[in-house]
Every structure is written in C-alpha cells, then in structure tokens.
Amino acid sequence: MRAVLDVLLVVLQLYVYVIIASAILSWLVAFNVVNRYNDVVRSIWNLVTALTEPLLRPIRNTIPSFGGIDISPVILLLLIFFLQRVIEEYIYPNVF
C-alpha cells in the first residue's frame, strides 16, 4: 500500500510542475513572448491545456471573477499541497 501512496505522491508532484508550466506558458503567450501559431508552441499548449483544464474548469466556474486575474491555478496548487500533506502526515504512517 505504501508503494501506491508513493506513486500517488510522485504523480501529484509532477502535476504541480505541469500547473506551473501552464501558468508560465499562459504568461508568455499573453505578453507575446512566444507565438501560439508556432507548431512546437501549439503542441505544448495543447498538451498542457489538456492536462490542466479538467481540474481548473470547475474551480473557475465556482469562484467569482477577479477581472483579468485567474487564481484557479493557485487554488488548485493549494489543494494539491493540502492533499500531499494529508497523505504524508496521516495516511502514510498508518499503512503497513
């Protein structure tokens, strides 16, 4: 069971990196540093969007709009950090 929890913690940590990459890529596109019409950038954009949107969309629908600021990645990161902490502190020590 600990192996399953270890794999889950690794997957959650990798997903944190994907969320951070998504936020940075959206900033780069918004400030015209990278062009979304480039094939490489478009493929990375589609991959990151496909991985993050299923969890970010319900958060965006739930929270009120803050103008042009999207805080849904921050909320998702806080939820992931909370889940990691619960697994490490409460579930992992009690599993044999």
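This is a predicted model: local features need pLDDT of at least 70, side-chain atom pairs count only at pLDDT 80 or more; totals for chains, interfaces and linings use all residues.

Biologist: Where does Asp70 lie?

Modeller: Asp70 lies in the loop between α2 and α3.

Biologist: Which side chains make polar contacts with the side chain of Asp70?

Modeller: Two can be named. The side chains of Asp70 and Arg60 are joined by a polar contact of 2.9 Å, and the side chain of Ser72 makes a polar contact with that of Asp70 at 2.7 Å.

Biologist: How far apart are Asp70 and Arg60 in sequence and in space?

Modeller: Along the sequence, Asp70 and Arg60 are 10 residues apart. Their C-alpha atoms are 8.0 Å apart in space.

Biologist: Let us turn to pockets. What is the volume of the largest pocket?

Modeller: The volume of the largest pocket is about 420 Å³. Its lining comprises 20 residues, and those nearest the centre are Ala23, Ser26, Trp27, Asp70 and Pro73.

Biologist: Which helices supply the lining of the largest pocket?

Modeller: Each of α1, α2 and α3 supplies at least two residues of that lining. The largest share is that of α2, with seven residues.

Biologist: Then tell me about α2. How many residues does it have, and how far does it reach?

Modeller: Helix α2 covers residues 39-62, which is 24 residues. From its first C-alpha to its last it reaches 33 Å, close to the 34 Å expected at 1.5 Å a residue.

Biologist: Where does α2 bend?

Modeller: The bend in α2 is at Glu53 and amounts to about 55°. A proline, Pro54, follows within four residues.

Biologist: Is Glu53 buried or exposed?

Modeller: Glu53 counts as buried because its relative accessible area is 19%, and buried means under 20%. Leaving aside neighbours within four places in sequence, Glu53 is in contact with Pro58 and Arg60. Arg60 is also the partner of Asp70 in the 2.9 Å polar contact between side chains.

Biologist: How far is Glu53 from Pro73?

Modeller: From C-alpha to C-alpha, Glu53 and Pro73 are 10.0 Å apart, with a separation of 20 residues in sequence. Pro73 is one of the residues nearest the centre of the largest pocket.

Biologist: Which other residues of α2 are buried, and what covers them?

Modeller: Besides Glu53, the buried residues of α2 are Val41, Val48, Thr52, Leu56 and Ile59. What covers the buried residues of α2 includes α1 (2-30) and α3 (72-91).

Biologist: What caps the N-terminal end of α2?

Modeller: Asn38 does: one of its side-chain oxygens lies 3.3 Å from the backbone nitrogen of Val40. Val40 belongs to helix α2 and counts as exposed because its relative accessibility is 53%.

Biologist: And how far is Val40 from Arg2?

Modeller: Their C-alpha atoms are separated by 38 Å, and the two residues are 38 residues apart along the chain.

Biologist: On to α1. What is its extent?

Modeller: Helix α1 has 29 residues. Its reach from first C-alpha to last is 42 Å, close to the expected 42 Å at 1.5 Å a residue.

Biologist: Which residues of α1 are buried?

Modeller: They are Leu5, Leu9, Leu12, Tyr15, Val16, Ile19, Ser22, Ala23, Leu25 and Val29. What covers them includes α2 and α3. Ala23 is also among the residues nearest the centre of the largest pocket.

Biologist: Which residues does Gln84 touch?

Modeller: Gln84, which lies in helix α3, touches Leu9, Leu12 and Gln13, not counting residues up to four places away in sequence. Gln84 counts as buried because its relative accessible area is 9%.

Biologist: One last point: what is the phi of Asn32?

Modeller: The phi of Asn32 is near 55°, a positive value in a residue other than glycine. Asn32 follows α1 and sits in the loop between α1 and α2.

Biologist: Is Asn32 buried or exposed?

Modeller: Asn32 counts as exposed, because its relative accessibility is 67%.

Technical notes: Residues are numbered from 1 along each chain as its sequence is written. Side-chain values use heavy atoms; hydrogens and water are left out. The expected span of a helix is 1.5 Å times one less than its number of residues. The bend at a residue is the angle between axes fitted to the seven residues ending there and the seven starting there. Buried means under 20% relative accessible area, exposed over 50%, partly exposed in between (1.4 Å probe, protein chains only). Contact means heavy atoms within 4.5 Å. A polar contact is a pair of N or O atoms within 3.5 Å; within protein, one must be able to donate a hydrogen and the other to accept it, and residues adjacent in sequence count only if both atoms are side-chain atoms. On a 1 Å grid over the protein atoms alone, a cavity is a set of points where a 1.4 Å probe fits but cannot get out, and a pocket is an open set with protein on both sides within 12 Å along at least five of seven lines; lining residues have an atom within 4 Å of a point. Grid points are joined across faces, edges and corners, and a volume is the space filled by probe spheres set on the points.
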